[in-house]
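Let's take a friendly walk through this model, beginning at the ligand and ending in the loops. Please have the sequence and the structure open as you read.

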Amino acid sequence: MRAKVLITPRSFLKVKEQAQNLLKRYDLDLIYNDTGKTLTEEQMLKMCEDVDGLIVGIDPVTEKVLKNARKLKAISKYGAGLDNIDLKTARELGIKVASAAGTNATSVAELAIGMFFALARNLAKHVFLVKNGGWDRIQGVELTGKTAGIIGLGNIGKEVARLANGIGMRIIAYDPYFEDSEFLKKYDVKMASLESVFKEADFVTLHVPLTEATAKIVNENTLKLMKKTAYIVNTSRGGLIDEDALYEALKNDKIAGAASDVFSKEPPGFHKLLTLDNFLLTPHIGAYTAEAVEKMAIKSIENLVVLLFD
Ligand code: NAD
């Protein structure tokens, strides 16, 4: 019998021929999410009920969804972070999970560095000001010579290091699991404690997965360690930041600014952080480039097929 596979990511339909052809090679019944939105738990519950495989974006794969998906054998993440998947329940039910980590690293890292520049030169404020008839200038700072503090030196963190090195930034990083000394030498990265990264960096950038250990890693205490002139960039997950504490720090000029591509609740609806002009938010666009979309699609298809048929 043909395996039935649900594909939830909205951008999957935009992938180029190569990925579509790859899919055609396998005898699969494909069901796409045509709502144009990330699915809710309720929708996932229904749509996963009788599928054998799942290629999933950031839609919730909760305990309830997994327990109701009686035929599900394999989940292939279209992207890197697995925090939307209840891995413990998947393991208990014998459902295999794979991630396409690495395929979007360059795109996300480029966005993070783009946010460094946007913060350093007040780009959003200046564009808004000029469009509203103004011609005032807010003095910026250079990135060259400043310290980038990378928290999480995995696929994306390493790409940020490579790019920051190219700009001439000093680089310090915190990642207790990192072991590649050749990489550190090549891009002149110094490993440091978490506390030193918060204390010394001009740009703290987050590239850890959202786990119990990393939830609210940016909080009242860690924000207090930062320089008043420093910035925070978060292209990882909203849950890494205590958003109330960040609001207080930004509102009271305890740090200079923050830019984020993610939020604890997406879309955020009204949130007081959005009223601050030293806080920038983009709608989870980190991996949304032509290149990353294609690489994520190909990798997630390859992973799914291995999980289902090997
Ligand atoms: P990765 O697994 O390659 O790297 C994560 C790194 O974090 C690893 O080196 C790991 O050792 C380190 N780490 C884990 N726990 C840690 C801890 N407690 N303290 C310090 N370091 C720790 O993942 P990646 O591909 O680099 O992606 C990182 C995260 O970025 C993902 O988990 C995801 O949440 C997020 N992401 C966001 C977007 C977006 O569109 N904005 C796209 C892709 C990924």
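An oxygen atom of the ligand sits 3.2 Å from an N or O atom in the side chain of S236, a polar contact in the sense of a pair of N or O atoms within 3.5 Å. The model is predicted, with local features needing pLDDT of at least 70, side-chain atom pairs counting only at pLDDT 80 or more, and totals for chains, interfaces and linings using all residues. Residues are numbered from 1 along each chain as its sequence is written, and side-chain values use heavy atoms, leaving out hydrogens and water.

Here are the ligand contacts of this kind, side by side.

| Side chain (N or O atom) | Distance to a ligand oxygen atom |
|---|---|
| N155 | 2.7 Å |
| S236 | 3.2 Å |
| H284 | 3.3 Å |

Around the ligand there are 24 residues, counted when a heavy atom lies within 4 Å of it. Those that come nearest are N155, I156, D175, T235 and D261.

N155 and I156 also belong to a helix pair, being among the α7 residues that touch α5. The axes of α5 (residues 105–120) and α7 (residues 155–167) come within 8 Å and cross at roughly 50 degrees; axes are lines fitted to C-alpha atoms over the stretch in contact, with angles from 0 to 180 degrees between N-to-C directions. Helices here are DSSP runs of H or I with at least four residues, and strands are E runs of at least two.

Two loops deserve a look as well. The peptide bond from E266 to P267 is cis, with omega near -5 degrees, and P267 is in the loop between β11 (257–260) and β12 (279–281). D188, in the loop between α8 (181–186) and β8 (189–191), has a positive phi near 55 degrees.

Conventions. Contact = heavy atoms within 4.5 Å. Polar contact = N/O pair within 3.5 Å; in protein donor to acceptor, adjacent residues only side chain to side chain.
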